[in-house]
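Open the model in your viewer and keep the selection panel at hand. The tour goes stop by stop.

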Amino acid sequence: MKKSRIAFWIVFPILCILIGLLMFFYIDMANGNILWLFVAIGIYITFIVLRIILRNKKAYIRQIATSILILGSVIIVGFDKPKVISKPATNATNLIKTEVISTDKGDIQGVYNKDNTVEVYAGIPYAKPPVGSLRWKEPEDMDNWSGILDCSHFKAKSMQPSSYEVMNSLVDLYAQKAWHVDLTEGETQECSEDSLYLNVWKPTGDVSNLPVLVYIHGGSLTSGSSASDNFNGEEMAKMGIVMVTIQYRLGVFGYFAHDELINESVNHTTGNYGLLDQIKALEWVNRNCEAFGGDKSNITIAGESAGSSSVSALCVSKLAKGLFKKAIGESSSIAIKLPPHTFRKMDVAKETGNDILKEFNCTSVNELRNVKATDLVKTKYKNECMTLDGYALDRMPYDVYKANDNNEEALLNGYNVKESDAFVVPRYLFNPTNKSNIKNRLIEVFGDNIGTQIYNLYSNEIELDAFSAFNEIISVYWFIHPHYSWSNLAYDSGVKVYKYQFTKENGYYGTYHSGEIIYAYGNVKNAKNSYCYDDSDLLLSNNMLSYWANFCKNGNPNGILLPTWDLYNKTDNKVMELGLNCSMIDDKYKA
């Protein structure tokens, strides 16, 4: 009995410390209200006190303390979540309204940013809400409205699977390689099927003939928002650019395909509703940008990840011809003979569509239209690809470029050197790549012939670090090679091409997928996790913001006091390194 008491007083304190640390870690990762920390402390203290008081009681009595701990933990997991908000258009404490602007459908009024240098107009509708009978229909022009539309807040983001905040925080933890305690309450936007809205940033005052930049957010065509702080348009507006960010239908709402939809469509199309939304938004920008001081003859489209794949799709869509002049693509492209992601042919798209109908026990598309959006979004089938539909995309993108029918006159595009880490590492988290399994993994991805060739090509790197070598190879396959192809195709069609390689490491995402966005749009200095960046990051961000803005202005990123960025030439295959230094370097991935 004495030994058991000694064991209890040794093991129990250690167990309590571990449980306490785990609860604190979870609450920090969940980004909920700070009150949940006090709830957790109360539960934790109750557990400790009861367990000590009841330590000599019968086993089922002692379990009361454990049951309270488990029940309390379940409650915390269920309710400790970020606050759902209607996100303000700026971080200004007091929202000061702008003058009224007239669009082709009605009057709107925005707000000034914190220092009154930029006017922001958030949540402008560019198409009718695609709900009810308009679900899986081509977007239709918005009706006129009366009165003045308040554009002081961003609208809800498009329907998408709810993200698990703790998992998001763990990804951030992996990226930062450190745990930075932050008990402030997180915020998230609500989701809605009614999401076809855009946002505009313009320099304050009476301006005209300014370049226009239209940004398409990423997220694998299944997630994302037009209101991300990383590509907030204030800094670009201060450079003399009218910046627009758009929302479009995602996932099953944006890329579902079915024969019934082809038959009911006047354009005989299905599977590209999100892409058609982007085109509709570009049409709105062409009609209305002059009201914000923009020049409709000088529009640049830009995007990252799936947004960049969308940009490359718009460059080959006959429906987008004449709607823009220049393109910026960051970390994805479908301008390649066999796109590795974000693209599919119609037979594959319709097969997925039929599977979704069966999943929800529907016999027709009209029945599926009656399924609640909150249920439909939980489909187990991926809808993360654009479709070769014969309408928005009438030919393989590669063939469009070969025929010189692409739409852009100038192209700035590139990639980050560790693009795939965020995708590959979680997939093989419990069975990391090593020298003994890498060849089989390469063969699984590429087939026996090419997999073996790549294994031999990377033999030295594999011997040194097989884990990093595999991640790099997948980066080349998914991201770097598509940009190599896009650059060469555009070059051959007479387009002015500027190509980059982002190499800047920092205390956060760095050279992982999406790490460059906060630099390119000038928001490093506004980063919430400012401890992850230093003066070298601020310098690079200033350079990249200037490069992007100059390209929007005249199709050439170069400017005064900036390191020279040479035009791409596929024979020498030089790229601009955007990192600790900005200079032209050899593309080491060519082989």
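**Stop 1: the largest cavity.** The lining of the largest cavity has four nonpolar, four polar and three charged residues. This is a predicted model. To see that lining, select Ile-27, Asp-28, Asn-31, Gly-32, Asn-33, Ile-34, Leu-37, Asp-80, Asp-182, Leu-183 and Thr-184. The space in the largest cavity is about 50 Å³. How many cavities of 30 Å³ or more does the structure hold? There are three.

**Stop 2: H2 and H3.** Select residues 35–53 for helix H2 and residues 59–79 for helix H3. Their axes come within 8 Å and cross at roughly 170 degrees. Angles over 145 degrees count as roughly antiparallel, so H2 is roughly antiparallel to H3. Now show side chains at the contact. On H2, pick Trp-36, Ala-40, Ile-43, Thr-46, Phe-47, Leu-50 and Arg-51. On H3, the partners are Arg-62, Ile-64, Ala-65, Thr-66, Ile-68, Leu-69, Gly-72, Ile-75, Ile-76 and Phe-79. Colour the contact of H2 with H3 by class: 12 residues are nonpolar, three polar and two charged.

**Stop 3: H15 and H16.** Move to residues 438–446, helix H15, and residues 448–457, helix H16. The two axes come within 7 Å, with a crossing of roughly 135 degrees. That angle makes H15 oblique to H16. Which hand does the crossing of H15 and H16 have? It is right-handed. For the contact, select Ile-438, Lys-439, Leu-442, Ile-443 and Phe-446 in H15. They meet Asp-448, Ile-450, Gly-451, Thr-452, Ile-454 and Tyr-455 in H16. By class, the contact of H15 with H16 has seven nonpolar, two polar and two charged residues.

**Stop 4: H15 and H17.** The axes of H15 and H17 come within 11 Å and cross at roughly 10 degrees. Angles under 35 degrees count as roughly parallel, so H15 is roughly parallel to H17. On the H15 side of this contact, select Ile-438, Arg-441, Leu-442, Val-445 and Phe-446. On the H17 side, select Ile-462, Ala-466, Phe-470, Ile-473, Ile-474 and Tyr-477. The contact of H15 with H17 divides into 10 nonpolar, no polar and one charged.

Stop 5: Of the 24 lining residues, Ile-454, Val-476, Tyr-477, His-481 and Ala-591 are the closest to the centre of the second largest pocket. Which helix gives the largest share of the lining of the second largest pocket? H17 does, with eight residues. Finish by colouring the lining of the second largest pocket by class: 16 residues are nonpolar, two polar and six charged.

How values were computed
Residues numbered from 1 in each chain as written. Predicted model: local features only at pLDDT ≥ 70, side-chain atom pairs only at ≥ 80, totals over all residues. Heavy atoms only, no water. Axes fitted to C-alpha atoms, helices over the stretch in contact; angles between N-to-C directions. Helix = DSSP H or I, 4+ residues; strand = E, 2+ residues; numbered from the N terminus. Parallel < 35°, antiparallel > 145°, perpendicular 65-115°, else oblique. Left-handed = near helix turned anticlockwise from the far one by under 90°. Contact = heavy atoms within 4.5 Å. Nonpolar A, V, L, I, M, F, W, Y, C, P; charged D, E, K, R; others polar. 1 Å grid on protein atoms, 1.4 Å probe; cavity = no way out; pocket = protein on both sides within 12 Å on 5 of 7 lines; lining within 4 Å. Points joined across faces, edges and corners; volume = space filled by probe spheres on them.
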